[in-house]
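Okay, quick one from me today. Have a look at this before I start talking.

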Amino acid sequence: MSDNLYLIPLLPLAGFLINGLFLRYMPRRFVSLIACGTVGLSFLVSLFLFLELKGLPAEFRVIRQVLFSWIPSGDFQADMGLLLDPLSAVMILVVTGVGFLIHVYSVGYMAHDHGYGRYFAYLNLFTFSMLVLVLADNFLFMFVGWEGVGLCSYLLIGFWFEKKSAADAGKKAFIVNRIGDFGFLIGMFIIFWQLGSLDFMIVAERAPEVFLAGGTVVTTVCILLFVGAVGKSAQIPLYVWLPDAMEGPTPVSALIHAATMVTAGVYMIARSNALYILAPEALLVVAIVGAATALYAATIGLVQNDIKRVLAYSTVSQLGYMFMACGVAAFTAGVFHLMTHAFFKALLFLGAGSVIHAMSNQQDMRFMGGLKKYLPLTYLTFFIATLAISGIPLMSGFFSKDEILWKIFSSEYGHTAFWVIGVVTAALTAFYMFRLLYLTFYGHERMDEKTKSHLHESPRVMTVPLMILAVLSIIGGWIGLPHIFGVTNFFEEWLAPVMAAGGTHHKLASPMLAASAESGSIELLLMLGTLAVVGVAIFAAYRVYRLKPELADSLASKMSGAYRLLLNKYYVDEIYGVLVVRPIVYLSVFFWKIMDVLFIDGLINGLAKLYEGVSESLRIYQTGRIRSYATAFALGVALLIAYVVLA
Amino acid sequence: MVNITAFLLVGAVLFGIGVIGVMVSRNIIVLLMAVELMLNAANLVIIAFSRVQNLMDGHAFVFLVLTVAAAEAAVGLAMVITIYHNRRTINIDRYNLLKW
């Protein structure tokens with residue numbers, strides 16, 4: 001079975017080729033069969049391989065398959081090689097599993113779209129690229145997937161390209177990602193220059209020998225790689241593309257901009273844990289950026305009115321959470337949250353899609369309300385996802401979030417300030433999620449009559465994926481129960497071989513902590529504290545948006561300055577516009593009008609004009625008369641003779 | 001023995017008349033004759049030098065030139081007749097199709 005590793009990415013690629021090449025000649029039913037079928041098969045293969053991997057003893061859980069040598073050039077060697085280890089196994093299960101559910105959901109969601117075949121072709125191409133990203137056995141091949149998902153993200157954000165805002169959002173995502181990719185590339189160059197290989201395993205092996213722990217080179221490498229992660233995973237300062245990416249179809253937002261692609265940065269850092277563990281300063285940078293993003297995006301999420309934008313900022317914030325975990329060297333916790341987040345955030349987006357579908361494409365929550373009785377299934381699943389993301393006990397989000405908070409608090413790389421930010425963010429998250437829930441599903445029905453008459457629960461093909469994801473959102477966290485529950489943390493053990501270099505053994509900040517960590521009293525205390533804060537936040541949301549809806553408006557007008565600042569997203573887009581976009585546009589116009597049109601074109605055209613003028617003035621001598629030619633010839637000879645004789 | 005200068009002078013004069021003939025004549029027949037004149041001027045000079053140096057090479061060469069000149073005259077006249085058939089004129093200034 002392990003020989004069939006290549007099937008996992010190949011199946012969606014085949015689906016893409018079939019759908020992409022023949023979409024004009026195929027009925028919709030067949031397109032959806034191919035698209036969902038290939039991803040579903042890929043999921044089954046992943047599942048089999050996962051079970052096979054699980055059957056192996058822990059230290060041998062690596063399946064490698066080198067398809068062929070891609071770039072053999074002197075010292076430089078890059079293979080098209082696949083690597084299945086516990087980390088990539090988790091990733092492929094998430095990508096193909098959640099991806100399959102979203103494919104199925106899309107069959108219902110996109111049923112009436114005229115770009116049906118194109119949509120599924122892109123979606124399959126995305127799944128292929130993402131699988132390449134997580135299965136690659138070296139940085140360069142990973143970069144192929146990295147760019148592939150970026151391309152698909154661009155294509156799918158701008159899927160409705162006849163809308164200018166969608167086309168612009170696609171461009172924005174692509175260009176902003178390019179900035180991050182630049183950092184990733186440079187980081188890759190330095191790794192090769194220093195270590196002579198880009199293979200993950202060789203890099204992990206050689207890094208501690210070559211790099212001085214805490215040295216400048218390894219810190220630079222890690223920060224450059226992190227720049228790539230910042231672009232792809234939408235962290236400060238490159239997060240601006242993600243909220244705009246909501247212009248794409250909602251299942252795309254669920255798959256690419258919540259569950260899989262945006263988590264690629266977290267995956268990459270977890271994959272490079274052997275490097276990061278050598279660079280505490282880079283880890284600090286990761287933690288600071290993650291913490292800042294988590295808090296910052298959560299505050300914006302508090303006041304947004306577009307249902308998808310709230311979720312987008314929530315995604316940015318949760319990604320910040322994952323980076324915070326990576327920043328304190330708790331890579332396992334980061335990946336754990338990545339997985340649970342994939343479940344509940346995909347569910348939230350798909351639920352929002354179901355709402356938007358029912359609301360005749362209305363996305364503004366100010367015109368929703370009272371949908372609970374019209375969309376019972378959507379409501380139920382959405383409610384579960386809200387509980388999960390808010391960190392209500394026994395839900396998946398609770399365990400992953402709690403593990404991150406505990407690691408932040410106790411790790412030698414952590415700091416109490418990060419922990420405080422984490423708790424505040426958790427409270428804000430609970431607040432805006434319940435605000436979203438109340439505004440959408442409770443209260444007065446604020447939509448117009450026409451929309452209201454159209455309200456309907458989504459078809460089965462959409463609600464079944466919702467229900468499966470809801471189950472996963474509940475039980476997904478149970479594989480990583482904290483130690484204080486007196487059970488082994490299966491997830492941590494599973495990832496231990498991959499994180500070996502990164503120190504699976506959690507180093508605690510102080511001996512005092514170590515003593516109490518044994519008993520688990522502090523962890524339990526922190527857990528309860530966090531829960532209390534989250535409970536207060538939920539109650540606040542309940543009071544403001546359920547009991548006294550008019551309170552929200554009075555609060556907004558009372559703090560109109562802060563409210564407007566948040567509503568306009570801290571004016572960051574405007575600031576970037578003035579500081580970055582405008583100067584680049586001016587510079588481009590300068591290069592276009594002055595350098596290109598005036599200078600280069602002027603030079604080329606001027607030269608041509610010169611030849612033309614000279615020829616024009618010389619042509620009058622070609623009279624066609626033999627006598628004048630003879631005269632000129634004779635005079636010339638005479639002059640020559642005179643020159644020879646006289647000189 | 002006549003001084004060679006006289007031969008050279010006659011040759012130069014004949015050649016000059018030929019050149020001027022080519023330059024001023026509008027009649028293509030006259031032009032061809034002027035060309036012949038130039039050839040013969042050259043022949044005369046060659047013969048003169050040949051005599052002065054007592055060598056026979058020059059004589060042989062002059063015969064070659066005469067032969068070529070005869071062939072050239074034959075081809076040239078044939079062309080003139082063909083052109084005349086086409087254009088009904090022997091005015092060389094009207095033969096100016098090869099111009100800008």
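So, Leu347(A): leaving out residues up to four places away in sequence, it touches Thr381(A), Ala385(A), Leu466(A), Leu469(A), Ala470(A) and Ser473(A). Touching, or contact, means C-beta atoms placed from the backbone and lying within 7 Å. Bear in mind this is a predicted model, where local features need pLDDT of at least 70 and side-chain atom pairs count only at 80 or more, while totals for chains, interfaces and linings use all residues. Residues are numbered from 1 along each chain as its sequence is written, with chains lettered from A and ligands numbered from 1 in the order in which they are written.

Leu347(A) sits in the largest nonpolar core, 211 residues, and is among the members touching the most others, along with Leu135(A), Val266(A), Met324(A), Val335(A) and Ala346(A). A core here is a set of buried Ala, Val, Leu, Ile, Met, Phe, Trp, Tyr and Cys joined through C-beta atoms within 7 Å; buried means 20 or more other C-beta atoms within 10 Å of the residue's own. There's a second, separate core of seven residues, including Val22(B), Leu31(B), Ala34(B) and Ile92(B).

On to chain B. What does its pattern look like along the sequence? It reads α-α-α, so to speak three helices and zero strands, with helices as DSSP H or I runs of at least four residues and strands as E runs of at least two. Buried residues are 11% of its 100, and the C-alpha trace spans about 50 × 25 × 25 Å along its principal axes.

Finally, the contact between the chains takes 11 residues from chain B and 10 residues from chain A.

Definitions and conventions:
Contact = placed C-beta atoms within 7 Å. Buried ≥ 20, exposed ≤ 12 C-beta atoms within 10 Å, placed from the backbone.
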